[in-house]
Amino acid sequence: MLRRSMSIWSSSPRPISLALQGGGAHGAFTWGVLDGLLDAGAHPIAAVSGTSAGAINAVLLAHGLLSGGREGARAALAGFWEDLGRVVPWEMLGWVASDGDRLTPAGRLMLQWANFMAPLQDGMLRLDPLRDLLRRHVDFDLLRRQTRLRLHIAATHANSGRLRVFSHDELTVEATLASACLPTLQPPVLVDGEPYWDGGYSANPAIFPLVRERAASDVVVVMLSPRTLGDTPRTAEEVRVRAVEIAFNAAFLCEMRMLSDALSLARRALWPGPLERRLRAMRWHLIDGHDTLSALPVDSKLIAHPQLLGRLHTAGRDRAAEWLAVHGAAIGRHSSADLQRLFGTDNRQ
């Protein structure tokens, strides 16, 4: 089905930029989306901005594209996510239920213990396995030397809360790990002697680099955070979980709302300047996993179980096929996502 969808792309392929959200193990959904887009012969990718799992997908995608083209990128993504699913012996430890997406009581107890201990003490959930996987699957020297593909990886400075965006020429294993560092489970990652936490606290992902650098006029956002968060929480635990979800998505929603408002002003400008002309020229597209991911428990983001990762990959490929069939022809022509409707200022608030 994906191969047949190639005909919907415009006859002269336009470059695109990708904005990849974070979401822990839910990043396997993005793996599936990217796999589907690459398999379909999508437009050339000029730039990628990513946070957390989105940052990992970004460096894997870039490494694969630079070393082996579209098929190389598909192989790099698959190799990493399949290896990640083998890192923890979930069944042996008894931490997950049989469906692979829910923690057992023992698993929840382990998570509570880890939250209590970290980051004051090094625990079994340190980033070392992820560090080893990234070193095995990504040539960071290659990423820093090349100039074909622009990369932007977001992390949060732990002592100020400020956003740090690592560009392609300064990417390292540490910068990528910093973007995916959950402070309740892991000690901060040091980059140039400074401590960093997950980029989701300050940008999930950073959109402004894709607007500023003009690598492509079409931006495709792969969104993992659900559009709605469900019923109003009632218990203390439900409130805690909801507060974490809101905090992780707040920076992205704020940036998209500001972008939407700026776009509205740019369209009305009588004498547009460089920024207004750039905003007018941009086209926006959104591929989201709401239908799949909103049905999963929040703690499934921490479960890199092979069965769950495989289901999310399949769901992501299917979503990419659906999006291509409906919106693929919009690339290079017009936006397929209405930013004002999705993210614009709500005057009722």
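Q: Where in this predicted model is the place of Asp-299?
A: Let's look at the helices around Asp-299. Helix H11 covers 290-293 and helix H12 covers 306-327. Asp-299 sits in the loop between helix H11 and helix H12.

Q: Does Asp-299 count as buried, partly exposed or exposed, and why?
A: The relative accessibility of Asp-299 comes out at 21%. Buried would need under 20% and exposed over 50%. So Asp-299 counts as partly exposed.

Q: What distance separates the C-alpha atoms of Asp-299 and Gly-24?
A: Along the chain, Asp-299 and Gly-24 are 275 residues apart.

Q: Which elements give two or more residues to the lining of the largest cavity?
A: There's one cavity of 30 Å³ or more in the structure. Its lining includes Trp-284, His-285 and Leu-286, along with Leu-339, Leu-342 and Phe-343. The elements giving two or more residues are strand E8 (283-288) and helix H13 (339-343).

Q: How many residues of that lining are nonpolar, polar and charged?
A: Val-221, Met-256 and Ala-337 are also among the lining residues. Sorted by type, the lining of the largest cavity comes to eight nonpolar, one polar and no charged.

Q: Are helices H1 and H2 roughly parallel or roughly antiparallel, and why?
A: The axes of H1 (residues 27-39) and H2 (residues 53-84) come within 8 Å and cross at roughly 20°. Angles under 35 degrees count as roughly parallel. So H1 and H2 are roughly parallel.

Definitions and conventions:
Residues are numbered from 1 along each chain as its sequence is written. This is a predicted model: local features need pLDDT of at least 70, side-chain atom pairs count only at pLDDT 80 or more; totals for chains, interfaces and linings use all residues. Side-chain values use heavy atoms; hydrogens and water are left out. On a 1 Å grid over the protein atoms alone, a cavity is a set of points where a 1.4 Å probe fits but cannot get out, and a pocket is an open set with protein on both sides within 12 Å along at least five of seven lines; lining residues have an atom within 4 Å of a point. Grid points are joined across faces, edges and corners, and a volume is the space filled by probe spheres set on the points. Helices (H or I, at least four residues) and strands (E, at least two) are DSSP runs, numbered from the N terminus. Ala, Val, Leu, Ile, Met, Phe, Trp, Tyr, Cys and Pro count as nonpolar, Asp, Glu, Lys and Arg as charged, and the others, Gly among them, as polar. Buried means under 20% relative accessible area, exposed over 50%, partly exposed in between (1.4 Å probe, protein chains only). Axes are lines fitted to C-alpha atoms, for helices over the stretch in contact, and angles run from 0 to 180 degrees between N-to-C directions. Angles under 35 degrees count as roughly parallel, over 145 as roughly antiparallel, 65 to 115 as roughly perpendicular and the rest as oblique.
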